[in-house]
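Dear colleague,

Please find below the structure that I am handing over to you. I would be grateful if you would read the notes that follow it with the model open.

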Amino acid sequence: MGRLVIVSNRAPSVDGANDSGGLVVALKDALARNGGLWIGCAPEQTDTPAASLVFHHRPEFDIALFELEPDLYRDYYLGYSNSVLWPALHGRVDLIDVQSRYATAYRKVVRRLARLIADEVSADDMIWVHDYHLIPLAHELKALGVMSRIGFFLHVPLPDLQTFKAIPDWQDLAGCLAEYDLVGVQTQRDLGHMINIFRHILRGELRANGNMGIDGREVVIGCFPISIDVRGFRRLAEEGSVNVPPPALPRLIGVDRLDYSKGLPQRLAGYETFLGRYPGFHNKVGLLQIAPPTRDDVEAYRAIRSELEQLAGRINGRFGTVDWTPVQYIHRALPRDELAVLFRLSRVGLVTPLFDGMNLVAKEYVAAQDQNDPGVLVLSQFAGAAEEMSQALIVNPHDPQDVAEAIRTALEMPLGERVERHRALYVHLEKHDIAHWSSTFLKRLGSVEKIGPEWLALFPELQVRAKAG
Ligand code: ADQ
């Protein structure tokens, strides 16, 4: 049996320092089983990148880093990945910044990476590629004769056909996506979009078994909602909050990367409407918004930062008093254990993205709650998580009145209803945690029909680079 090979833009750190939560937790066991390998970009760029992968050994798996020149990395990562694909996939076609050097860099990086991987993998290894930074990888690997099963998971949304077509290389990109043996997305919503994209752009046919027939091949597609280590996060919140006093006023909390897809200005507008409409809550509630800046080198991200600062200042100026600051705004990332405690001690979790693949904060907020006195989740209908979490208060984040009413409902919700809603959400999450997500995806990928190594032996010409396992 071959190895599991994970490929993502960013690899886990070599010393395990950033393991907590997220993908590493999900994949550690599967990687450890067969001497797995995780391939990702080196954290630092260099003018003289190594001509091969740079290996580091960890007890559970190996990490192989590929090095890139600073200019190439910038055009591939900040350029094509985050100034073309990210806005397009999040429906913000107005923010797409088309530069031909971005697309060139993207394809160059993926092609270079494919060559490094092809030298490393065997036909019976299973390759799992993550996210929009690396969409053409299967195409490049197959061109090099790699025979392994290759799966892809898109963490962000897949938009509808018309929005997808705003990406300058849309036909090409759809073709690249269809070269994977398995393509996974977060939600039924995105699965529907994928079927439409394959149908209209590639003349794909939906088969009775749910797969797509494209160009004489069968592409397995599926919806695999990502989750968190639910029990682990609950423990973190429980243990961390012993002896921590609750906040002086009931707290609303928002935790997000500072990104235009997260709907932060709209959230503040909803809170402002709430305060304007319900003066009885003045001095009786506070909003804590934690939003560390990301991708600061991209103009759209600088703009959202100053917009948010202005809005928070306006609300505090309009409603604040000497003793009361309605919005507390922190620009830093906080350690996971601190976040878990803050979630547990907040009466309302505000998760109101305009478009989000899943949104793990929604799941972390629920996992962190005290089941005997839980808080209430206010969740955008446009977060992937809304498909699974219908017991949250579902809102339209574009409508400040709707958000304001949900905040009031959440603050006034009786204990019995809070407990009931939370129980339903928690029971679902506990069953559908991150381990469930990764094992479902890998089982599906493992069951994809491929030519086995015994057949390869009979056709040596197929083994261009498929070294014996
Ligand atoms: P993101 O957009 O980064 O990821 P989200 O799911 O909201 O995703 O959060 C990711 C993690 O970052 C969470 O664990 C959260 O606690 C942490 N985080 C956010 N803000 C933080 C802060 N201020 N301090 C510390 N930690 C913070 C993409 C997609 C999502 C999808 C995930 C996983 O955009 O839709 O859910 O991948 O697939």
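This is a predicted model: local features need pLDDT of at least 70, side-chain atom pairs count only at pLDDT 80 or more; totals for chains, interfaces and linings use all residues.

Residues are numbered from 1 along each chain as its sequence is written, and side-chain values use heavy atoms, with hydrogens and water left out.

**The ten-stranded sheet**

Helices (H or I, at least four residues) and strands (E, at least two residues) are DSSP runs, numbered from the N terminus. Two strands are said to pair if DSSP finds at least two bridges between them. On that basis, ten strands form an open sheet with mixed pairing, in the order β3-β4-β2-β1-β5-β6-β7-β10-β9-β8. The edges are held by β3 (54-57) and β8 (205-206); each has a single partner strand, so one side of each is left without a neighbour in the sheet. Within this sheet, β1 (residues 4-10) and β2 (residues 37-41) are parallel and share four bridges, with V7 paired to I39 of β2.

Burial is given by relative accessible area: buried means under 20%, exposed over 50%, and partly exposed in between (1.4 Å probe, protein chains only). Strand β11 (residues 251-255) is mostly covered, with five of its five residues buried. R251, I253 and V255 point one way from β11, and L252 and G254 point the other way.

β11 runs parallel to β12 (residues 286-290), and five bridges join the two strands. V255 is placed opposite I290 of β12.

β14 in turn pairs with β15 in the parallel sense over four bridges, and V351 has L379 as its partner in β15. β14, α12 and β15 make a right-handed β-α-β unit.

Strand β15 (residues 376-380) has five of its five residues buried, so it is largely enclosed by the rest of the structure. V376, V378 and S380 lie on one side of β15, with L377 and L379 on the other, and both faces are covered. Three bridges link β15 to β16 (residues 393-395) in the parallel sense, and L379 is the bridge partner of I394 in β16.

**The ligand**

Which residues are closest to the ligand? They are H155, D356, M358, L360 and E364, from a shell of 22 residues, where a residue counts if one of its heavy atoms lies within 4 Å of the molecule. By class, the shell has eleven nonpolar, four polar and seven charged residues. Nonpolar here covers Ala, Val, Leu, Ile, Met, Phe, Trp, Tyr, Cys and Pro; charged covers Asp, Glu, Lys and Arg; and the others, Gly among them, are polar. Helices α11 (336-344) and α12 (360-368) each supply at least two residues of the shell, and α12 gives the most, with three.

**Loop residues**

R203, in the loop between α7 (188-202) and β8, has a positive phi of about 55 degrees although it is not a glycine. R203 is exposed, at a relative accessible area of 75%. N243, in the loop between α8 (230-240) and β11, is also a residue other than glycine with a positive phi, near 70 degrees. N243 counts as exposed at 75% relative accessibility. P414 is found in the loop between α13 (400-412) and α14 (415-431) and is partly exposed, at 49%.

With kind regards

How values were computed
A crossover is right-handed if, with the strands pointing away from the viewer, the path from the first strand over the helix to the second runs clockwise.
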